[in-house]
Amino acid sequence: MKTIQFKTNIKCFGCVAKVTPELNKAAGVDNWTVDLQTQDKILTVSTEGINDNLIKEAVEKAGYKAEKLN
């Protein structure tokens with residue numbers, strides 16, 4: 001299983017609710033988390049066959065930004 005992290009501008013649980021449908025489609029349910037406690041609001045995606053651009057596009061489609069960290 002591959003893990004990718006993104007710095008985002010997802011700030012609150014309302015923002016997480018807004019990106020949830022897009023990330024569930026792109027990464028799958030329960031394959032991603034957003035750590036709202038960190039300064040960079042890290043989105044971590046763990047799944048097989050992750051497409052970095054697909055995840056980034058899913059976040060952007062919901063109106064937020066994602067910058068790959070690793």
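In which sense do β2 and β3 pair, and over how many bridges? β2 and β3 pair in the antiparallel sense over 4 bridges; two strands are said to pair if DSSP finds at least two bridges between them. This is a predicted model, in which local features need pLDDT of at least 70 and side-chain atom pairs count only at pLDDT 80 or more, while totals for chains, interfaces and linings use all residues. Residues are numbered from 1 along each chain as its sequence is written, and side-chain values use heavy atoms, with hydrogens and water left out. Helices (H or I, at least four residues) and strands (E, at least two) are DSSP runs, numbered from the N terminus.

**Strand pairing**

- Strand β1 (residues 2-8) pairs with strand β3 (residues 42-47) in the antiparallel sense, over 5 bridges.
- Within this pairing, Q5 has T44 of β3 as its bridge partner, and T3 stands opposite S46 in β3.
- β1 also pairs in the antiparallel sense with strand β4 (residues 66-68), over 3 bridges; the bridge partner of F6 in β4 is K68.
- β2 and β3 form a hairpin with 6 residues between them, and K41 in the turn has a positive phi of about 45°.

**Residues of β2 and β3**

- T33 is found in strand β2 and stands opposite T44 in β3.
- T33 counts as partly exposed because its relative accessibility is 48%; buried means under 20% relative accessible area, exposed means over 50%, and partly exposed lies in between (1.4 Å probe, protein chains only).
- Leaving aside neighbours within four places in sequence, T33 is in contact (heavy atoms within 4.5 Å) with I42, L43 and T44.
- T33 and E60 are 27 residues apart in sequence, and their C-alpha atoms are 16 Å apart in space.
- β3 is mostly covered, with 5 of its 6 residues buried.
- Residues up to four places away in sequence not counted, S46 touches M1, K2, T3 and N31.
- The side chains of S46 and T3 are joined by a polar contact of 3.0 Å. A polar contact is a pair of N or O atoms within 3.5 Å; within protein, one must be able to donate a hydrogen and the other to accept it, and residues adjacent in sequence count only if both atoms are side-chain atoms.

**The nonpolar core**

- A nonpolar core is a set of buried Ala, Val, Leu, Ile, Met, Phe, Trp, Tyr and Cys residues joined through side-chain atoms within 4.5 Å.
- The largest nonpolar core has 20 residues, and those with the most contacts inside it are I10, L23, W32, L43, V45 and I55.
- The elements that give two or more residues to this core are β1, α1 (13-27), β2 (32-35), β3 and α2 (52-61); α1 gives the most, with 5 residues.
- L43 is in contact with I4, Q5, F6, T8, L23, W32, T33, V34, I55 and V59, leaving aside its neighbours within four places in sequence.

**Helix α1**

- The buried residues in α1 are C15, V16, V19, E22, L23 and A27, and what covers the buried residues of α1 includes β2, β3 and α2.
- E22 is found in α1 and counts as buried because its relative accessible area is 17%.
- E22 touches A58, K61 and A62, not counting residues up to four places away in sequence.
- α1 bends by about 45° at T20, and a proline, P21, follows within four residues. The bend at a residue is the angle between axes fitted to the seven residues ending there and the seven starting there.
- Just after α1, G28 takes a positive phi of about 100°.

**Cysteines**

- A disulfide is a covalent bond between the sulfur atoms of two cysteines.
- Here a disulfide is taken as a pair of cysteine sulfur atoms within 2.5 Å, and by this rule the count comes to 0 disulfides.
- C12 is in no disulfide, and the nearest cysteine sulfur, that of C15, is 3.3 Å away.
- C12 counts as partly exposed, since its relative accessibility is 35%.
- C15, likewise in no disulfide, counts as buried at 10% relative accessibility.
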